[in-house]
Structures are given as structure tokens and as C-alpha cells.
Amino acid sequence: MASGGDYASLERMIQACRDLARLPEDAAPIAAQKVQEELRRTASAGQAPDGTPWAPRKKDGGRAMLNAAKAITAKAIGTVILVTLYGPEVFHHFGAQGKPARHVIPRGSLPAKLGNAIRLGFVEPFSRVRGYAGYGTARKGAEK
């Protein structure tokens, strides 16, 4: 005959499975914040999301778009991360009006650092699910 502890353990596992189904929705806002931080970091450094430096200003050779980081927002809409660029930086991003293209948000494939930012968004929600499922967050042998 099964004890009450067995049923409690089974209930925790069932709840963990339900929560895993919601993991993308739980992780998306955190991932969006991490993506925004990474894009603002590269923009503040005068670089495209893949790390290539932007073309210097034509006037004086200085760094272009000093305030580009403020023009970037990222937010979660369901499981989608929407990245938006506002203001005159949009013209620079596309290279409009004879300006050289200075990419601020990704075009084409996703740079590795942004992929890592998205993965980091899943760490906390997944750890919560693992924790109350009875698996804990520490690996065996990690204790010292």
C-alpha cells in the first residue's frame, strides 16, 4: 500500500509537468530583459549585435549614435520577444538617406550572445520547476 508521501511526490511531479508547459511564457519576460540589456550593451559600445564596430561619423570620425542604447526596447508578448528601435537610429540601422548602415538590432541570424541572453531567461523559471519537483537545483557531487 502506498504511503501519503508517495502521493505528495506524485502530485509535485504532475504540477512540475504542468509548469513546464508554461515555461516559455514564464521565461519570455526575463529573456526579453536580458536581450534588451545585451542589445543596449552592444549599442553603447558602438557595435552591431554581432560585435562588428559601426562606421565612424563622417563629420569628425568619432563614434556615431552615442544615444542609440536608449532607443532600444524589448518586451515579451506571450512567448515572443519583440525588439523595437525608435527615433533617428532607425535611419542609421537601415542606412537610409545616404548614411552608412549601422545595425542596432539583429538582422538575419541571431548572434550567439543574444541566444545566450534568451537561454538565461529560462534559468530561474526552470530552476523553480526543478526545485519543487523534488530534484533540487544542485548537482550531485557539487557540494563541498
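Which residue is the kink in helix 2 centred on, and which residues of helix 2 are buried?

Author: Happy to. One thing to keep in mind: this is a predicted model. Helix 2 covers residues 23-44, which makes 22 residues. From its first C-alpha to its last it reaches 31 Å, close to the 32 Å expected at 1.5 Å a residue. Your kink is centred on Pro 29, and the bend there is about 30°.

Now for the buried side of your question. In helix 2 the buried residues are Leu 23, Ala 27, Ala 28, Ala 31, Ala 32, Val 35, Gln 36, Glu 38, Leu 39, Thr 42 and Ala 43. As you go down that list, keep a bit of helix geometry in mind: an α-helix has 3.6 residues a turn, so residues three or four places apart point the same way.

Next, look across to strand 1, which is residues 72-77 and includes Ala 74. Ala 74 is 45 residues from Pro 29 in sequence, yet the two C-alphas are 9.0 Å apart in space. Set aside its neighbours within four places in sequence, and Ala 74 is in contact with Ala 32, Val 35 and Gln 36, and also with Ile 81, Leu 82 and Val 83.

Side chains of opposite charge can pair when their charged atoms come close. Glu 38 does this with Arg 41: they form a salt bridge, and the closest N and O atoms are 2.7 Å apart. Both residues lie in helix 2, 3 residues apart, or about one turn of the helix.

The structure holds 3 salt bridges, so let's visit the others. Arg 128 pairs with Glu 124, with the closest N and O atoms 2.3 Å apart. Because they are 4 residues apart in helix 4, about one helical turn separates them. Arg 128 is partly exposed, with a relative accessible area of 43%, and Glu 124 is also partly exposed at 43%. Then there's Arg 57 with Asp 60, where the closest N and O atoms are 2.9 Å apart. Arg 57 is partly exposed at 32%, whereas Asp 60 is exposed at 52%.

Finally, what happens after helix 2? It is followed by Gly 46, which has a positive phi near 75°. Further on, in the loop between helix 2 and strand 1, you'll find Met 65. Met 65 has a positive phi as well, about 50°, although it isn't a glycine. Met 65 is buried, at 10% relative accessibility. Another non-glycine residue with a positive phi is Gln 97, near 55°. Gln 97 sits in the loop between helix 3 and helix 4 and is exposed at 63%.

Key
Residues numbered from 1 in each chain as written. Predicted model: local features only at pLDDT ≥ 70, side-chain atom pairs only at ≥ 80, totals over all residues. Heavy atoms only, no water. Helix = DSSP H or I, 4+ residues; strand = E, 2+ residues; numbered from the N terminus. Contact = heavy atoms within 4.5 Å. Expected span 1.5 Å × (residues − 1). Bend = angle between axes of the 7 residues up to and from the residue. Buried < 20%, exposed > 50% of the residue type's maximum accessible area, 1.4 Å probe, protein only. Salt bridge = Lys/Arg side-chain N within 4 Å of Asp/Glu carboxyl O.
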